[in-house]
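Open the model in your viewer and keep the selection tool ready. We will go stop by stop.

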Amino acid sequence: MTRLELLTIVVGRARTNGFEFRRWYTTRLGLPWISAEAALTLLDQQRRYYALLFSHEFACAFWKAGEEITFRVPEQTFQRPMPDGSLQTIHRKPYTRRSARRDAWLYHLREMALAEEPLRYLRKYLNVADDFTDDLAAAIADQNPPAKSKPETAPPTLTKRSREKPITRPIPTDTPAFLRRPYH
């Protein structure tokens, strides 16, 4: 997934929660409004999306107050001192976490500021199947992997199914609804 596609999804989610993208674009960046696609392209090409991601208006809308957010915590490995003085290495599997806080946007802004790539941090909260890349060639190569034959396996049982990764939503291929709506 390219950065532009990810920005489109991120702005779309914030807009469904009440973020006025056109107003933010014209007031904060001081540029004339042409269209949503042109605005997103400009943010992507000139790397101005950082101004969007770290604005309080956007953060309040993206992480809506009181809304339950589902995200995946990655695998962790750390050492813990034991009562006898030895160090034991602890391995934690990745797991899904949910949070619902009134001021979640403040927490996420701090965490996003500490992250190496803020878009990757936001991506955790979108439940998108693909990882985003900077160039289109890598995105096309990822979409067309070589075909592998899988051995047939028995269907998973109910207990085994609960431990598997949740089924991800398909990535939309058409223009998002917020880009099709006219701006007033």
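Select Arg13 and Phe62. Arg13 lies over the face of the Phe62 ring, 4.6 Å from the ring centre. Keep in mind that this is a predicted model.

Phe62 belongs to one aromatic cluster with Phe19, Phe21, Trp24, Tyr25, Trp33, Phe58, Trp63 and Tyr121. The count of aromatic pairs comes to eleven. We will visit two of them.

The angle counts as stacked because it is under 30 degrees. Where do Phe21 and Trp24 sit in helix H2? They are three residues apart in H2 (residues 21–28), so about one helical turn separates them. Phe21 and Trp24 are both buried.

Phe21 lies in H2, while Trp33 is in the loop between H2 and helix H3 (36–45), so the pair ties together parts twelve residues apart in sequence. Phe21 and Trp33 are both buried.

Now show the whole of H2. Which residues of H2 are buried? They are Phe21, Trp24 and Tyr25. Look down the axis of H2: these buried residues fall within an arc of 100°, so they line one face of the helix. An α-helix has 3.6 residues a turn, so residues three or four places apart point the same way. The buried residues of H2 pack against helix H1 (3–16), H3, helix H4 (49–53) and helix H5 (56–62). Just after H2, click on Gly30: its phi is positive, about 70°.

Move on to H3. Its buried residues are Ala36, Ala39, Leu40, Leu42, Leu43 and Asp44. Just after H3, Arg47 also takes a positive phi, about 55°.

Go back to Phe21 and show its neighbours. Leaving out residues up to four places away in sequence, Phe21 touches Val11, Trp33, Ala36, Ala39, Leu40, Leu43 and Leu52.

Last stop: the largest nonpolar core, with 34 residues. Which of its residues touch the most other members? Select Phe21, Phe58, Phe62, Trp63 and Leu122. H1, H2, H3, H4, H5, helix H6 (104–114) and helix H7 (118–123) each supply at least two residues.

How values were computed. Residues numbered from 1 in each chain as written. Predicted model: local features only at pLDDT ≥ 70, side-chain atom pairs only at ≥ 80, totals over all residues. Heavy atoms only, no water. Phe/Tyr/Trp six-rings, centres within 6.5 Å; stacked < 30°, edge-to-face > 60°. Helix = DSSP H or I, 4+ residues; strand = E, 2+ residues; numbered from the N terminus. Buried < 20%, exposed > 50% of the residue type's maximum accessible area, 1.4 Å probe, protein only. Lys NZ or Arg CZ within 6 Å of the ring centre and 35° of its normal. Arc of directions from axis to C-beta. Contact = heavy atoms within 4.5 Å. Core = buried A, V, L, I, M, F, W, Y, C linked by side-chain atoms within 4.5 Å.
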